[in-house]
Amino acid sequence: MSPLREALADYLSVRRALGFRLDRAEKLIGQFIGYMEERQASVITVEHVVAWATAPGGAAWWHALRLSAVRPFAFWLHSLDGIHEVPPAGLIPHGPHRAVPYLYSAGEIGALITAAGRRARPVSAATYPALIGLLAATGARVGELLALDDGDFDAGHGVLTVRNGKSGKQRLLPLHPTATAALARYQRERDRLLPRRPGDVLLVSCAGTRLDYPRVQKTFRRIAAQAGITARSAACRPRIHDLRHSFTVSSLLNWYRRGDDVQAMLPRLSTYLGHTDPRHTFWYLSAAPELLALAAERLENHQGDIA
């Protein structure tokens, strides 16, 4: 038995004693060791692992799965003898990728609201500017705003109540006074256009009913085109959800520019956005090169102060 197969037997024995089954892992690692034996190689290297993982045909997910089976074994061997190399996590990208956020400028948001106000039907021309304005001002999810009823808007205190956010959680959204005034104006115009509505929905369709999400997305694409907003690349297209991204990035940029303690304020933004963990909010740092630059500058200054 080769040293690698002896090491595999020990590895499987220890892991299974901890409750892991590792049936597929045993098969795949055994195949990898066979690949190494054919080449009379006794030291695991990243080059060997990648060459074996990507040798068969198939999709990237299959190559990534093969590599992920060998990586813990390589880590085990490396802990015993540092001569063995451990492939970095995520070396073979796979699975769905995030779309590149389209970050709207203040001018583009204004253009969207103006174009939305030119819709042919009066109710639509009132509702879509209100919806786009609220998305830009709160960073709320589209579905959260579509689910709002009149009773969820407290005009006196300038607060929206999201009663059924992601994971069924409820939260309050304090509004800027200008957003509060704009939403109150929309309510008055909506009631003038539709004095007899079938329910108490806040943002209404032309029939006075709740807006339909797929139809809203389709309508937004038309509004964006009419506003002259086009894709920046195949991966970066203007989406209605990107108003949420734009709000978040704008908030972070303002904090960095003012010299605020972003780490301390991030939980507040996470709560406002309805994130369960601030780490989900910190992802937005990667959405804008300017944010990354400011974060790097802040880190460099902090390290300089320590030195």
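Predicted model: local features only at pLDDT ≥ 70, side-chain atom pairs only at ≥ 80, totals over all residues.
Leu 160 stands opposite Leu 173, a residue of strand E3. Strand E2, which covers residues 159–162, pairs with E3 in the antiparallel sense, and 4 bridges join the two. Both strands belong to an open sheet of 3 strands, arranged in the order E1-E2-E3 with antiparallel pairing. Strand E1 (153–154) and strand E3 (171–174) each have a single partner strand and stand at the edges, so one side of each is left without a neighbour in the sheet.

The side chains of Asp 150 and Arg 190 meet in a salt bridge, with an N to O distance of 2.9 Å. This pair links distant parts of the chain: Asp 150 lies in the loop between helix H7 (142–146) and E1, while Arg 190 lies in helix H8 (residues 177–193), 40 residues apart. Are these two residues buried or exposed? Asp 150 has a relative accessible area of 19% and is therefore buried, since the limit for that class is under 20%. Arg 190 is likewise buried, because its relative accessible area is 3%.

Side chains of opposite charge can pair when their charged atoms come close. The structure holds 17 salt bridges, and another of them joins Arg 258 to Asp 260, where the closest N and O atoms are 2.6 Å apart. Here the two partners fall into separate classes: Arg 258 counts as exposed because its relative accessibility is 56%, whereas Asp 260, at 19%, counts as buried.

A further salt bridge is found between the side chains of Arg 21 and Asp 23, at 3.1 Å from N to O. Arg 21 is exposed, with a relative accessible area of 64%. Asp 23 counts as partly exposed, its relative accessibility being 46%. Both residues also take part in a network of salt bridges that links Arg 16, Arg 21, Asp 23 and Glu 26.

Val 14, Leu 18 and Phe 20 make up the patch, which has an area of about 290 Å². Leu 18 is located in the loop between helix H1 (3–17) and helix H2 (23–38). With a relative accessibility of 62%, Leu 18 counts as exposed.

What residues form the positive surface patch? Arg 121, Arg 215, Lys 218, Arg 221 and Arg 222 form it. Of these residues, Lys 218 is found in helix H9, which spans residues 213–226. Lys 218 has a relative accessibility of 46% and so counts as partly exposed.

Leu 112 is part of helix H5, which runs over residues 106–116. Because its relative accessibility is 0%, Leu 112 counts as buried. Leu 112 and Pro 129 are separated by 17 residues in sequence, and their C-alpha atoms are 7.7 Å apart in space.

Notes. Residues numbered from 1 in each chain as written. Heavy atoms only, no water. Patch = residues over 30% accessible without salt bridge, like charges linked within 9 Å, V, L, I, M, F, W, Y side chains within 5 Å. Areas by Shrake-Rupley, 256 points an atom, 1.4 Å probe, with all protein chains shown as cover. Salt bridge = Lys/Arg side-chain N within 4 Å of Asp/Glu carboxyl O. Lys, Arg positive; Asp, Glu negative; His and termini not counted. Charge placed at Lys NZ, Arg CZ, Asp CG, Glu CD. Buried < 20%, exposed > 50% of the residue type's maximum accessible area, 1.4 Å probe, protein only. Pairing = 2+ DSSP bridges.
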